[in-house]
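Student: I am new to this structure. Please take me through one part of it closely.

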Amino acid sequence: MQVYKAKDYRDMSRKAANLISAQVILKPDCVLGLATGSTPIGTYQQMIEWYQKGDIDFSRVKTVNLDEYKGISNENPQSYHYFMKTQFFQHINIREDQSYLPEGMAEEEKAECERYDNVISRLGGIDLQLLGLGHNGHIGFNEPGDAFQLGTHCVALSDSTIKANSRLFAKGEKVPEQAYTVGMKTIMQAGKILCIVSGSDKAEIVKKAFFGPVTPAVPASILQLHPDFILIGDEEALSMCQ
Ligand code: F6R
């Protein structure tokens, strides 16, 4: 595991964008595993800026996202489809048919999980996986206690995750309680993993996940065992680690 300390959120985002851009330059048809949430927004903005300057070309890049809420349509502004489109894809020259996410409105749960696993294997696996970190140590929506050996599956979100997500929903709007997520097995098979963390509210879980024992109780802790795992945290997020 390599740990890079960034000054602040902006610096973390630039460092992450640099590593992802390097991947795209080295392998223009690479497969990027992407995440939603507040943490990667700055990273996407930085890459959009470099794309607009002509420094990165996404025309041959393929992307697979980690997760999507179950029961939400792709057009719903709360969906991860919508997030990725508005925060990243519509600002760069990525091909629409080369960006994949689980389908929240899929009719059959098991078939959707199989379909998504097949998409990832057909692409040849993930070259670089970008991750955020949940306050309870989840990555994707692999919640504490989930088995490490799973591929794509449908999960019941934990109360703390539902609460954290509710900040993004309007008052009275139903916050989804289930989601599709790629499993830890798929994440661990990525060639390189980059986890980004920012803010003092993540300090405790960063210490537990990356400087404590490897346990399904803290899903992100397994990343310690990946041969090419990079953690980029800002000073606040890394404040409890030496
Ligand atoms: C999102 C995802 C989640 C988030 C995590 C942190 O696709 O997979 O695991 O990365 O919940 O979210 P933020 O960045 O909002 O703190």
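Student: Is Ile56 buried or exposed, and why?

Tutor: This is a predicted model. In it, Ile56 is buried, because 21 other C-beta atoms lie within 10 Å; the cut-off for buried is 20 or more. Ile56 sits in the loop between helix H2 (41-52) and strand E3 (62-65). Beyond its neighbours within four places in sequence, Ile56 is in contact with Ser21, Val24, Met47, Trp50 and Tyr51. Take Val24: it is 32 residues from Ile56 along the chain, yet their C-alpha atoms are separated by 7.5 Å.

Now follow the chain into E3. Lys62 and Val64 point one way from this strand. Thr63 and Asn65 point the other way. All four residues are buried. E3 also belongs to a right-handed β-α-β unit, made with E2 and H2.

Next, the partners of E3. Strand E2 (residues 31-34) pairs with E3 in the parallel sense, over 4 bridges. There, Leu34 has Asn65 as its bridge partner. E3 and E5 also run parallel, joined by 2 bridges. Here Thr63 stands opposite Ser99 in E5.

Step back to the sheet. It is open, has 7 strands and pairs them in parallel, in the order E1-E10-E9-E6-E2-E3-E5. Strand E1 (2-6) and strand E5 (99-100) are at the edges. Each has a single partner strand, so one side of each lacks a neighbour in the sheet. For E1, parallel pairing with strand E10 (residues 229-234) spans 5 bridges. Lys5 stands opposite Gly233 in E10.

Methods:
Residues numbered from 1 in each chain as written. Predicted model: local features only at pLDDT ≥ 70, side-chain atom pairs only at ≥ 80, totals over all residues. Buried ≥ 20, exposed ≤ 12 C-beta atoms within 10 Å, placed from the backbone. Contact = placed C-beta atoms within 7 Å. Pairing = 2+ DSSP bridges. Right-handed = clockwise from strand over helix to strand, strands pointing away.
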